[in-house]
Amino acid sequence: MKQRRTAARLRCVSLRKIPLSMLALAAFFLLGAVLGGMVAARGASAMGGELRRYLEGYLALRIEGAPSSAAVWQTMVCFFRASVAVFLLGFASVGVALIPAVCAAQGFLYAYSLLCFASGLGQDGFFLLPVLFALRLMLVLPCTLLLGSAAWETSRGLAALSVGGGKRAKGVTYGKRYWSRFGIACVCLFFGAALELWFIPRILSLLLR
């Protein structure tokens with residue numbers, strides 16, 4: 001009985017520490033993922049051969065030599081776009097609506113891509129999916145939610161100032177914590193992008209043999 005009570009208390013404490021804004025943005029991400037899965041389920045099964053040819057061409061370009069500037073740019077954009085977008089939207093009142101939209105779009109893209117590969121490649125692609133998507137999900141999603149939660153709060157403050165004409169609303173401040181989160185997120189995302197550019201293609205090539 002004591003162990004159960006202790007476990008229940010730990011769950012309550014851990015949930016209380018998570019900001020409601022982060023939980024709300026996670027819900028938008030899940031909503032986008034559901035929509036992406038519904039769209040992908042309609043025509044992904046016929047894409048198996050095309051997806052395999054794409055992967056083989058992708059790996060041939062990456063393994064032969066150093067990644068091209070175009071590949072580096074595309075990978076960086078994929079890793080940084082959502083986190084940078086929500087961070088910048090924290091400086092505008094319109095972020096109240098656009099930050100949840102960015103999270104939903106991110107969920108849509110991930111679910112659509114994952115289910116397309118899962119349905120198109122079938123059982124042969126079972127071991128490819130974690131390699132293709134796990135790294136991005138483990139880094140991009142937490143960084144987006146962490147930055148988005150803080151940015152959504154500041155954006156709501158700016159919206160309250162604009163709607164109320166500066167009356168009955170507190171001023172919005174961006175402290176060191178706001179900027180330090182962005183710096184830490186950038187380091188993590190850069191590390192993840194480097195791994196995807198230089199190591200993930202080699203792992204995929206071994207799995208496809």
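A: Take Phe91 to begin with. This is a predicted model. Leaving aside neighbours within four places in sequence, Phe91 is in contact with Leu158, Tyr174, Tyr178 and Trp179. Each of these counts as a contact because heavy atoms lie within 4.5 Å.

Q: Where does Phe91 sit, and how far is its C-alpha atom from that of Leu158?
A: Phe91 is in the loop between H4 and H5.

Q: Why is Phe91 called partly exposed?
A: Its relative accessible area is 36%. Buried needs under 20% and exposed needs over 50%, so a value in between is partly exposed. Phe91 is therefore partly exposed.

Q: Which cluster does Phe91 belong to?
A: Ring pairs link Phe91 with Phe87, Tyr174, Tyr178, Trp179 and Phe182.

Q: Why does the pair of Phe87 and Phe182 tie together separate parts of the chain?
A: Phe87 lies in helix H4 (residues 69-89) and Phe182 in helix H7 (residues 176-198), so the pair joins parts that are 95 residues apart in sequence.

Q: How many aromatic pairs are there?
A: The count comes to 12 aromatic pairs. One of them is formed by Phe29 and Tyr110.

Q: Why is the pair of Phe29 and Tyr110 called tilted?
A: The centre-to-centre distance is 6.4 Å, and the angle between the planes is 50 degrees. The distance passes because the limit is 6.5 Å. Stacked needs under 30 degrees and edge-to-face over 60, so the pair is tilted.

Q: Which helices hold Phe29 and Tyr110, and are the two residues buried or exposed?
A: Phe29 lies in helix H2 (residues 20-43) and Tyr110 in helix H5 (residues 95-121), so this pair ties together parts 81 residues apart in sequence. Both Phe29 and Tyr110 are buried.

Q: How do you know that the charged end of Arg156 sits over the ring of Trp152?
A: The charged end of Arg156 is 5.2 Å from the ring centre of Trp152. The charged end is assigned as sitting over the ring.

Q: What makes Ser149 buried?
A: Its relative accessible area is 2%. The cut-off is under 20%, so Ser149 counts as buried. Ser149 lies in helix H6 (residues 128-164). Beyond residues up to four places away in sequence, Ser149 touches Pro19, Ser21, Met22 and Leu25.

Q: How many disulfides does the structure hold, and why is Cys188 in none?
A: The structure holds 0 disulfides. For Cys188, the nearest cysteine sulfur is that of Cys143, 5.2 Å away.

Q: Why do Cys78 and Cys188 get their accessibility labels?
A: Cys78 has 19% relative accessibility and therefore counts as buried. Cys188 has 30%, so it counts as partly exposed.

Q: What does the whole protein look like in these terms?
A: There are 8 helices and 0 strands. Buried residues make up 38% of the 209 residues. The protein exposes about 12,700 Å², with carbon and sulfur atoms supplying 68% of that area.

How values were computed:
Residues numbered from 1 in each chain as written. Predicted model: local features only at pLDDT ≥ 70, side-chain atom pairs only at ≥ 80, totals over all residues. Heavy atoms only, no water. Disulfide = S-S within 2.5 Å. Buried < 20%, exposed > 50% of the residue type's maximum accessible area, 1.4 Å probe, protein only. Helix = DSSP H or I, 4+ residues; strand = E, 2+ residues; numbered from the N terminus. Areas by Shrake-Rupley, 256 points an atom, 1.4 Å probe, with all protein chains shown as cover. Phe/Tyr/Trp six-rings, centres within 6.5 Å; stacked < 30°, edge-to-face > 60°. Lys NZ or Arg CZ within 6 Å of the ring centre and 35° of its normal.
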